[in-house]
Amino acid sequence: MAACDYQSFGRANPGARSAIDVAEAMQMLTSGSVRAASLLAYGNGRSYGDSCQNSGGAVVDMRPHHRILSFNAETGVLEAEAGALLADIIAAGAPHGFFPAVVPGTQFVTLGGAIANDVHGKNHHRRGSFGCHVERLTLLRSDGRTYACSPTENARLFWATIGGMGLTGIILSAAIRLMRVQSLDIAETVKPFGSLDEYFDLAEAADRDNEYAVAWIDQLAGGKSAGRGLLLAGNHAPHGARAAELGAARLSVPFQPPLTLLNRPFLKLFNAAYGWRRGRVAASQSGYRKFFFPLDSVAGWNRLYGPNGLFQHQSVVPVEVARETISALLAATRHAGQGSFLTVLKRFGAQRSPALMSFARPGYTLTLDFPNHGQCTLKLLAELDRITVRAGGAVNPYKDARMSAATFAASFPDWQRLETMRDPAFMSDFWARTAGRLGARKGEAAQAAE
């Protein structure tokens with residue numbers, strides 16, 4: 001497979017220079033013939049930035065390592081190899097009335113990637129992050145040993161691996177608890193709101209009454225309509241499908257356009273059309289793919305951002321300052337004259353992740369996507385970082401492609417704890433760009449395992 005196939009989904013960073021398969025990596029690790037900072041596990045490349053890249057070494061393609069190993073239809077505990085896709089896990093649990101407790105915005109992420117990034121979904125207020133549902137995992141490190149990790153066995157290594165962005169070793173397999181559901185279909189409600197203040201007045205009640213809740217924001221709307229959008233909430237329908245939806249994407253972007261198609265005139269039209277179409281149906285029942293993974297139906301949709309790719313910015317800010325801070329973030333994007341195709345606002349709950357370093361925390365999280373227009377986009381993103389950090393918030397590392405070391409340290413003041421647990425053979429471009437510039441290792445990785 002060519003190195004370009006190992007690019008991140010945002011495509012704003014160069015792709016991996018070299019790649020090896022998991023069998024070769026396992027042989028290197030078990031024999032001890034691996035040099036420092038030379039490896040990084042690579043799932044399905046759905047990370048937007050450089051957390052899945054290792055330009056100084058090689059990435060390890062985990063996708064062939066994808067078997068479902070076991071499933072307990074009574075408890076909902078499923079064990080699989082780390083390269084299994086979320087789509088495979090959904091298909092295995094669906095006939096028995098189970099669904100993953102937490103899903104991100106695409107089903108084409110690997111199990112290992114979901115754990116390494118401690119991904120979150122539309123129901124963090126009830127279920128927390130993905131790591132809250134990991135029972136155990138097996139980890140191969142450069143000392144040649146395979147570690148069985150759980151909350152009671154090699155616990156420090158377990159907590160560091162969840163949310164550890166692949167830096168503690170190669171996850172070989174993991175067992176997770178699925179959630180029992182009445183069906184896979186979602187009974188959805190859509191409530192338009194005319195301003196950001198109106199959204200905040202609705203958000204807590206929406207979380208209280210629904211398993212899932214997320215808001216779409218018309219990022220370009222200003223004046224009295226600033227922050228207007230749709231509050232999308234849902235619960236698993238009592239009567240609906242009990243089998244996974246199969247089949248490839250119905251639409252695709254088959255080639256790379258020479259420039260971004262997601263310009264401001266297009267986005268104005270799109271936002272008006274989307275807001276009208278979705279807002280006119282107050283309640284409906286839909287399949288899980290339409291509700292959770294709408295963009296999966298368009299293969300190669302990231303090509304629409306143009307040859308320079310896209311930058312995604314996701315921040316979380318404390319509840320106490322969320323109204324003014326989210327408003328300031330949106331105002332900064334309008335002032336910069338740049339449009340976000342996907343603008344999503346969610347409320348995180350109080351459930352803590354077991355991860356040593358997890359992005360999701362109590363507060364409100366705003367996600368924005370921008371075509372890469374070079375320095376003007378980077379200047380805007382730096383301003384969004386500044387607003388976030390000043391509010392006591394954090395920027396998401398596994399969706400980042402350019403944050404400064406200072407922003408990372410302010411977002412994750414305990415980053416040294418993960419550095420202490422990092423396997424010396426593993427490195428990512430993100431970690432080298434941020435933690436690598438903040439100081440030397442604190443402690444020895446050999447102390448990580450208990």
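User: What makes H6 and H9 count as being in contact?

Analyst: Contact means heavy atoms within 4.5 Å. Leu196, Asp197, Phe200 and Asp201 in H6 meet Ala322, Arg323, Ile326, Ser327 and Leu330 in H9. By class, this contact of H6 with H9 has five nonpolar, one polar and three charged residues. The model is predicted: local features need pLDDT of at least 70, side-chain atom pairs count only at pLDDT 80 or more, and totals for chains, interfaces and linings use all residues. Residues are numbered from 1 along each chain as its sequence is written, and side-chain values use heavy atoms, with hydrogens and water left out.

User: Why are H6 and H9 called oblique to each other?

Analyst: Helix H6 (residues 196-209) and helix H9 (residues 322-335) pack at an angle of about 140°. Angles under 35 degrees count as roughly parallel, over 145 as roughly antiparallel, 65 to 115 as roughly perpendicular and the rest as oblique. H6 and H9 are therefore oblique. Their axes lie 10 Å apart.

User: How do you know that E1 and E3 pair?

Analyst: Two strands pair if DSSP finds at least two bridges between them. Three bridges join E1 to strand E3 (residues 58-61). The two run parallel. Alanine 19 stands opposite valine 59 in E3.

User: Why is one side of E1 and of E2 left without a neighbour in the sheet?

Analyst: The open sheet has three strands in the order E1-E3-E2. Strands E1 (19-21) and E2 (39-42) stand at the edges, each with a single partner strand, so one side of each has no neighbour in the sheet.

Conventions
Axes are lines fitted to C-alpha atoms, for helices over the stretch in contact, and angles run from 0 to 180 degrees between N-to-C directions. Helices (H or I, at least four residues) and strands (E, at least two) are DSSP runs, numbered from the N terminus. Ala, Val, Leu, Ile, Met, Phe, Trp, Tyr, Cys and Pro count as nonpolar, Asp, Glu, Lys and Arg as charged, and the others, Gly among them, as polar.
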